[in-house]
Amino acid sequence: MDRIFTKIIDDASDGKTVEQVIRKTYNMSTKLITRLKFDGRLIVNDVPVKTVHVVHSGDVLKVVIPVGTGENIVPVKLDFKICFEDEDILVADKPALMSVHPSMNNYDNTLANAVCYHWQQMGTPYSYCAVNRLDKGTSGLLIIAKNSHVHNMFMHQIQKREIKRCYTALVHGCVANDEGTIDAPICRADDSVITRIVSPQGQRAVTHYKVVKRMTDKTLVRVVLETGRTHQIRVHFQYIGHSLVGDWLYGGDTSLLNRQALHSSILDFTHPITGENMHFESDLPQDIAALTDE
């Protein structure tokens with residue numbers, strides 16, 4: 001199945017090359033344009049053309065993007081919530097303890113398997129390209145692009161920090177300030193391929209937080225990331241002495257929860273094709289919410 005972008009050439013684009021029009025209209029990467037050129041997927045008036053082909057007013061330009069689920073992703077019926085879907089993107093609310101991608105130990109029980117099963121049932125074999133990734137234990141909102149062009153557009157938004165992500169976390173102890181910023185560089189620990197630590201040798205990492213609710217020995221906080229380092233929220237709150245509840249890797253009490261108490265609760269971005277401002281919110285899941293009842 002293909003995703004076809006169609007443009008009727010106007011006077012402003014008259015006399016320009018196909019490549020010039022595509023770059024201005026769709027902001028496509030050079031790599032993708034080259035691949036489409038060699039595959040005969042740049043079409044003017046129903047005829048495949050090269051990137052140097054000159055177009056004129058009234059011409060119909062079609063850019064055909066190939067899409068299809070990867071052969072290594074096995075469609076499996078698993079529960080997850082779809083918050084939004086169109087022909088270019090899907091916004092999912094991922095359950096806790098579900099990985100985003102298959103791996104050696106998670107071959108058929110991931111969000112990728114669930115989404116591909118959903119598409120199989122719809123008869124629409126789109127590509128699975130996760131945009132913002134969540135740890136297995138983290139629940140909540142994330143974006144999936146359905147083709148490589150849309151994924152590339154989202155990467156530009158991430159680089160420009162135009163995708164706004166807000167998380168809710170339950171941490172141990174009483175956070176002293178009602179709001180604050182943790183600005184501490186993060187790098188990988190020398191003796192681990194998984195664990196991250198705060199270190200002067202790390203990359204800059206900035207986390208903003210605001211207290212939502214205080215309990216006797218726990219604090220519910222709303223967190224906004226300015227940067228996106230691996231395990232950033234988990235590492236930063238351990239660094240200030242308030243590990244996330246249930247976070248076995250960074251000092252949290254696992255007797256209260258079997259995963260880190262972290263939820264992707266708000267997501268704001270611009271739709272890469274329609275230009276529409278998109279806003280999504282997800283309620284705190286029951287396992288975390290139950291620990292805030294005091």
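The following legends describe close-up views of a predicted model. Residues are numbered from 1 along each chain as its sequence is written, and side-chain values use heavy atoms, with hydrogens and water left out. Because the model is predicted, local features need pLDDT of at least 70 and side-chain atom pairs count only at pLDDT 80 or more, whereas totals for chains, interfaces and linings use all residues.

View 1. Strand β8 covers residues 139-145, and seven of its seven residues are buried (buried: under 20% relative accessible area, 1.4 Å probe, protein chains only). Strands are DSSP runs of E with at least two residues, and helices are runs of H or I with at least four, numbered from the N terminus. Two strands pair if DSSP finds at least two bridges between them. Strand β6 (residues 89-94) runs antiparallel to β8 and is joined to it by six bridges; Val91 has Ile143 of β8 as its bridge partner. Strand β7 (residues 129-130) also pairs with β8 in the antiparallel sense, over two bridges, and here Cys129 stands opposite Ala145. Strand β15 (residues 262-270) runs parallel to β8, with two bridges between them; Ser139 is partnered by His263 of β15.

View 2. Asn27 is not a glycine, yet its phi is positive, at about 55°. Asn27 counts as partly exposed because its relative accessibility is 39%, a class that lies between buried and exposed, the latter being over 50%.

**View 3. The largest pocket.** The space in the largest pocket is about 1,400 Å³. Of its 44 lining residues, Arg133, Leu134, Asp135, Thr230 and His231 are the closest to the pocket centre. Two or more lining residues come from each of α4, β9, β14 (218-225) and α5 (232-239), and α4 gives the largest share, four residues. A pocket is an open set of points on a 1 Å grid over the protein atoms alone, where a 1.4 Å probe fits, with protein on both sides within 12 Å along at least five of seven lines; lining residues have an atom within 4 Å of a point. Grid points are joined across faces, edges and corners, and the volume is the space filled by probe spheres set on the points.
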